[in-house]
Amino acid sequence: MPAVSKGDGMRGLAVFISDIRNCKSKEAEIKRINKELANIRSKFKGDKALDGYSKKKYVCKLLFIFLLGHDIDFGHMEAVNLLSSNKYTEKQIGYLFISVLVNSNSELIRLINNAIKNDLSSRNPTFMCLALHCIANVGSREMAEAFAGEIPRILVAGDTMDSVKQSAALCLLRLYKTSPDLVLMGEWTSRVVHLLNDQHMGVVTAAISLITCLSQKNPDEFKTCVSLAVSRLSRIVSSASTDLQDYTYYFVPAPWLSCKLLRLLQCYPPPEDGAVKGRLVECLETILNKAQEPPKSKKVQHSNAKNAILFEAIALIIHYDSEPNLLVRACNQLGQFLQHRETNLRYLALESMCTLASSEFSHEAVKTHIETVINALKTERDVSVRQRAADLLYAMCDRSNAKQIVAEMLSYLETADYSIREEMVLKVAILAEKYAVDYSWYVDTILNLIRIAGDYVSEEVWYRVIQIVINRDDVQGYAAKTVFEALQAPACHENMVKVGGYILGEFGNLIAGDPRSSPLVQFNLLHSKFHLCSVPTRALLLSAYIKFINLFPETKTTIQEVLRCDSQIRNSDVELQQRAVEYLKLSSIASTDVLATVLEEMPPFPERESSILAKLKKKKGPGAVSNELEEGKREGGELNGAGERPGDSSAIGASNASTPSPSADLLGLRSAAPVSAAPPSAGSLLVDVFSEAGPAAPAASVNDDGFLRDLEPPTESSDSLLAEGSGDSDSAPPSVVSEDPAPPLPESDELLNKFVCKNNGVLFENQLLQIGIKSEYRQNLGRMYLFYGNKTSVQFVSFTTTVSCPGELQSHLNVQLKPVDPLVEGGAQVQQVINIECITDFSEAPILNIKFRYGGALQNLSLKLPVTINKFFQPTEMASNDFFQRWKQLSQPQQEAQKIFKANHAMDTEVIKAKLLGLGTALLDKVDPNPENFVCAGVIQTKSQQVGCLLRLEPNAQAQPGEQMYRLTLRSSKDTVSKRLCDLLAEQF
Amino acid sequence: MIGGLFIYNHKGEVLISRVYRDDIGRNAVDAFRVNVIHARQQVRSPVTNIARTSFFHVKRSNIWLAAVTKQNVNAAMVFEFLYKMCDVMTAYFGKISEENIKNNFVLIYELLDEILDFGYPQNSETGALKTFITQQGIKSQTKEEQSQITSQVTGQIGWRREGIKYRRNELFLDVLESVNLLMSPQGQVLSAHVSGRVVMKSYLSGMPECKFGMNDKIVIDKQGKGGTTDDAGKSELGGSSGKQSIAIDDCTFHQCVRLSKFDSERSISFIPPDGEYELMRYRTTKDIILPFRVIPLVREVGRTKLEVKVVIKSNFKPSLLAQKIEVRIPTPLNTSGVQVICMKGKAKYKASENAIVWKIKRMAGMKESQISAEIELLPTNDKKKWARPPISMNFEVPFAPSGLKVRYLKVFEPKLNYSDHDVIKWVRYIGRSGIYETRC
C-alpha cells in the first residue's frame, strides 16, 4: 500500500501547521486557511477516490482549522468513512473528528452508530476501546439510546479484555449521568458488583466509580457491594507496598482505589455483619496506624497519597459516628495536622474537625485542641484557613469554654478579614446567647460586638438582644446601665444607638435613681445622637422619647419641645413627621393613665428559635442547615415549628414577627381583624378595637398609620352604641338574682364549638352585654382578650369576672385573670386579659363567670371559655413518606381515634380547608394518594410534653345522596388527645 | 490634547514612544497592545477607549501609529495630525516600514519634538521642517539663516521660506479622483460619489501669488450672469469630456489658501509651499461619469454547480485608455473547482481569497469584454445559503470622473521678473476606482 511508504508522519499537516504559525497577521492566516480549505474541497470532490492516508491527513487539517475557531461544514462524511478503516491511526482520527464535531444530523448519526456497533462487536480490543471512548465523549441521548443495552453486556462478559472493561465501566457511568432513565442495570447489578473482585486493579478502579454513582441512586440494590468493598480494602491496606506493582504510587498501594472504596462505603451505614464490621474497623485502624509511621519517601506525592486515604478514612469514621475509639484516634491524628507545615493539610484538618466536633464521642477530644485552633485563627496567613478555624471554634464551643471562645472571637474580629466579618458576628452572637449563663455577660458581649464591628451587625442581632433583655427581668437594670455607658462614647455605631434608644426607653427608669444618669441626662445623651442617625433609627428614638414621657413625667416639657420643633413636626420624611405629630398629641391630650396603658412596658416576647440562627443558616445555604439542626438538638434546645418549616420565606417571616421594632403585627392583629368582624352585629363595635388597640403594641407602632385615630373612635362608636342601646334598655332581661356563679349557659357548648377553628369573634351577646374575644397562642402559652361591651346607656356596677377550672382541669390548665375595672360606663367597653398556660392535655373548658349589677339587679352569667386543646397546636410540614412513616409508628389501637359521622354542612373543599387550618394544624398537600382526602399534622405543645398529632379526614360525598358522610381518623402519641380532638372536630363538619 | 504618541510594529512591539503629558502612564502602551493589536476580534474602530483613556490609531502597512489622550479632544484634529505625521515621515525617509522606522528613530524623535509641543500640534509642513531638521547631521547655520528660521516658525507664512530661486519655474498639477459605486444587478445606481484631490508640485522662485480656477458651478454661473467671459477660453489648460460645470458638495483647502477670499469671491488664491503638497480635497455626488458598467449573470445548476457570466463595458471616449483593470468575482465558500474562459486579459481562481480575479492590462473606451466561469461546489450539510457578495472592480482612467476641469492657474510674482507665461505648467487627470461594486 502506498500509505505505508508515506508513513504516519503526515508531513502535509506539519507543513500546514507551521505555515499557520508563521503567519504575520490574522489576514494572512485567514488567507492560508481559505487556500487550504479550497484544496481540501477539491480533493474531496475529486473523482478519484482518496486513500486512507490522505483522508486522514485532510480530516486532521479540518480538525485543526476547526480548533483554530473557524467553521467547518464539510468532511463529516470522510471522517465517517475513516471509522470503517482497519488501521488504528485512521480510525482514531475518525473518532476524534466525530467526538469533536458531531452534530445532530440524523443521517450521519445513523452511519456513526453503525460504525460504532461494528467496532463494539469486533474482537479487537483497541477498536472496542476507541468506540467506547467515542460514545463516552459524545454522551448524547441518541448514543445512550443506541448503546445503553450493549455496554453492560461488554462490561460483564467473561471474555472481555481488562482494558475494554475499564473503558466500558467509565462509558456506562457517563451515559448513566446524562440519561439515567435509559441505563437499566436490573439484571446486571450483581455481576457489576462482583467486578470489585476482579483480578485487575484498573477494572476495579473504573467499576467502583460506576458502582458509587449507581448506589447513590438506589442503595438497596447495591447493598452487597459493602462486604466486597471491605474485603477489597482490607486486602489493599494489608498488602505490602510492593505487592501491587503497577498500582503502587510512591510506596502507597493503590491510593485512588482506596479512596474510592472508602467513599463508596460512605454511601452506606455501618455494616451490620459483625465480621465485616470488624474487618473494616481493622482496616481503618491500619490506615490510622500507617499515618503514624515515618514516611517511606520524602517526595510530596507520597505524603499526598497517604493523606488522601487518611482523610477519606476519617470522613468514613465520621460518617459512621459509632466508634468512639476510632473517632478519638482520628481527632488526635487531625490534631497533629493542625500544626503541620502544609497549609492545605491544616485546612483539611480544620474542616474535618468541624464535623468531628458535632459527634458526641469526639467532641471532648476536639476540645483539647482549642489552644491550637485559637492560635491558627490569630496567626494563619491564609484567610480560608482562618475561616475554617473560626468554623471549628464555633463547632467546638460549649458551656465550659464559651467564655474563652467568644472572647477570642471578639478579639479576632477587630482584625478579621472583611469577607468573613459578618459571619463571625453572627456566630459570636449565637454562641453568646446559646451558652449565656450570666445574662449580663451576654449583654456585655453583644454591646462589645456592636462596638467592634457595628457595620457587620445585622438587624437580627440587635433585635435578639432586645428580645432577651425584655424577657429577662434580672438583666434589665444592668443592660440599661451598660447601654448608658456605651452611649457616652463620643462616636458610637448606629446599631448601638438603636439598642440604647430601645432599652433606655423601656428600662431607663431602672437607672434613673443615680444622679449621673438622671432622666434628663439620659434623654440628652440619646438626643445628642439623634441628628447623626438614619430615618429608621430616628423613628425608633422618637418612640423612645414618648416612652420617656411615660417613665419620667418631668421630662415631658423638654421632649414636647423637641417633638414640636420644625425639624420633627415638619420633617420631610412622612414616618418621622407622623410620629412627631402623633406623639406630641398623645402626650398633650392623654391622661397619665391612658399614657401608662398605651406606653406600657413591652410584654415578653414568645420564646422561639433565635432569629440569628435563621440568618446564619440562610447565609450558609441549605447544606449547613441540617448540621445546625442536629447541633441544636444535641444541646437539648427543642426547635419548634419555626425551625422545621421548610423554605426561607417562613424563616424570614418568623424572624420578622419576632423583631421588636416593626411590631404592628406583633400579635397578628391586622390579619385577624376581618375574621373578628364576621358577625355583623358586633362589627361596628369590635372592628375598631380589634384593629389596633392591643395593649401589647403600645409605643412600637412603627407601621401604624392611624395610631391616634384608633385611640379616638371608641367615643365615637360608643355614641352610636348609645343610640342603639337606649332602645333596648327597656326590655332588659329579667335579672337573675344569685350571688353564686350561674351554671353555664345551655348554649355554651355550642359556643365552644364555634371557636374550635377560630380565635376571634363574638363569644356572647344579649340585650345588655356583648362579649368579644380575641386570642393568641404561642406554643403552650395563650393570651385571650375579652372585650365587655355595655350595650345599655346605664353603667354596670360591681362588674366582676372569675374563671374556674372544674375538676381535674385545674391541674391541666393554668389560667390567670387580670382584674377588670368594676365600673362599666353605659356604652363603654372594657377589656380584660387572660393568660393561659397549658400544663398538660385537657378535655374540659374553663368556665368564665361574670357578675354585675345593672340598674340594681344582679346579673350572673357563666360561659365556657373557648380554650380547647387544639389551640396549642404547632403546624408541622412534612413530606408524604415522612407522614406515612409516622402514621405507621402510631399504630397502637389506643393511639387512634376514629369517627364516622354525617356532614352537618355542605362539603365545600375550601371551607373544610379553612377549618382545618383554623384548627392550628398544617394542611399537607399531595400527601394522601386520594386528592379528596385531607391530611394534617401538628404538634400540641404543653408544658409537660409535646404530643404529635396526625389527622386524616375522608369525605365521602357520593356514598348516599343527601347523606354525605365523613370518616375522621386521628392518631397521636397520647390516647386522650386523640379522643378529645376527634370529639371536637366531629362537630365542625 | 494629545498626551502621547506610540508607534508599534505588527507584533505589538513598541518602536517609538513619546509621552507629552503626565496623565499618560507607561501602562497605556500595553493597554493598546493588549486591547487593540492583540485583540481577539479585529478592532475596526479607529478610536478605542480603554480605562478612560482614548487611543486614536492609524495603520500604515504593518505599522500602527497611536495617539493617546485622557482628555476630550477633537478626534478629527488628532487624525489629521496622524496623517500629517505619516506624510512627514514619508517625505523624510520614504515608505513607513519597521525597518525604516528603526533606522530613523533619532530623526523621528526630533520630528516629534518639533511637530507636537505639550501635545499641541505645531507646524507640520514638510518644506518648512526640512529647513531645520536635516538628516545630514549638524549643518552650520549663519546668523541670518537662524533669524529666518525664527521668523518662519512664528511668522505668517510658515509653509514657505524666503529666497527660493529656480532657474526654471515649473508647476505640476494632478487631479486625482477615486470613484465609488454600488450598483444593483439590474444596473440601477444605488450609491455613487467621487472624492478627489488636487495635488501640486511647485518649483517657483520668490514668493509667488497663485490663483487657481476650475469649472465650479457657482463660479461659472456667476460669470455667465455677469456676461464677462473673462479669459476663460484662453486659460483653459486641458480636459477630456465635454461638461460645462460641476457641483462640488464640499471641499477643504491647504492652509496656504486664503479662505477669506474664497468665501467672498469664491476664488482660490494662495502663496504655494515649495515642493509637493495637496492644494484641496473635494467630493461630488452628482452627474458622475461611471467609467465601467458591470453586467453579472449568475445561474445555479443543481446543488453542485454554479455558472457565472460577467460582461464589462467601458463608457468613455474611445481615444482614452483605461489601465490596471481588475474584476473580482467572489465564489461560494464550498467551491471545490473552477473553470474560467475569458475573451481578454487573464483570469484566475484565487482560493485564498475565495474569488475569481480577472485582470486586463488596458482597455479602450466604448468596448466590451466578457468572462464566463463554471464553479463546482461541494455539497455540505450546512443549510446556510450563500450570501452572494458583490462583484468589485479596480481600474485607472486618464480623466476625472467627476467632470472637474482646471480652467486656469495663474502665477504672479511682482518682485522677481518672471510672468505667468514664463512658468511651465503641467496638468494631469487620474481617475481611480474606490469601492466600485455591482451586486450579483
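A charge is taken to sit over a ring if NZ of Lys or CZ of Arg is within 6 Å of the ring centre and within 35 degrees of the ring normal. In chain A, the charged end of Lys91(A) sits over Phe127(A), 4.3 Å from the ring centre.

The model is predicted, so local features need pLDDT of at least 70 and side-chain atom pairs count only at pLDDT 80 or more, while totals for chains, interfaces and linings use all residues. Side-chain values use heavy atoms, with hydrogens and water left out, and residues are numbered from 1 along each chain as its sequence is written.

Now to the ring pairs. Rings of Phe, Tyr and Trp (its six-membered ring) pair if their centres lie within 6.5 Å; planes under 30 degrees apart count as stacked, over 60 as edge-to-face and the rest as tilted. By this rule there are 34 aromatic pairs over all chains. Tyr777(A) and Phe872(A) form an edge-to-face pair because their centres are 5.3 Å apart and their planes at 80 degrees. Tyr777(A) and Phe872(A) are 95 residues apart in the chain. Tyr777(A) is buried (under 20% relative accessible area; exposed is over 50%, partly exposed in between, with a 1.4 Å probe and protein chains only), at 12%. Phe872(A) is buried too, at 0%.

In chain B, Tyr166(B) and Tyr203(B) also pair edge-to-face, with centres 5.7 Å apart and planes at 75 degrees. Here both partners are partly exposed: Tyr166(B) at 29% and Tyr203(B) at 28%.

Key
Chains are lettered from A and ligands numbered from 1 in the order in which they are written. Helices (H or I, at least four residues) and strands (E, at least two) are DSSP runs, numbered from the N terminus.
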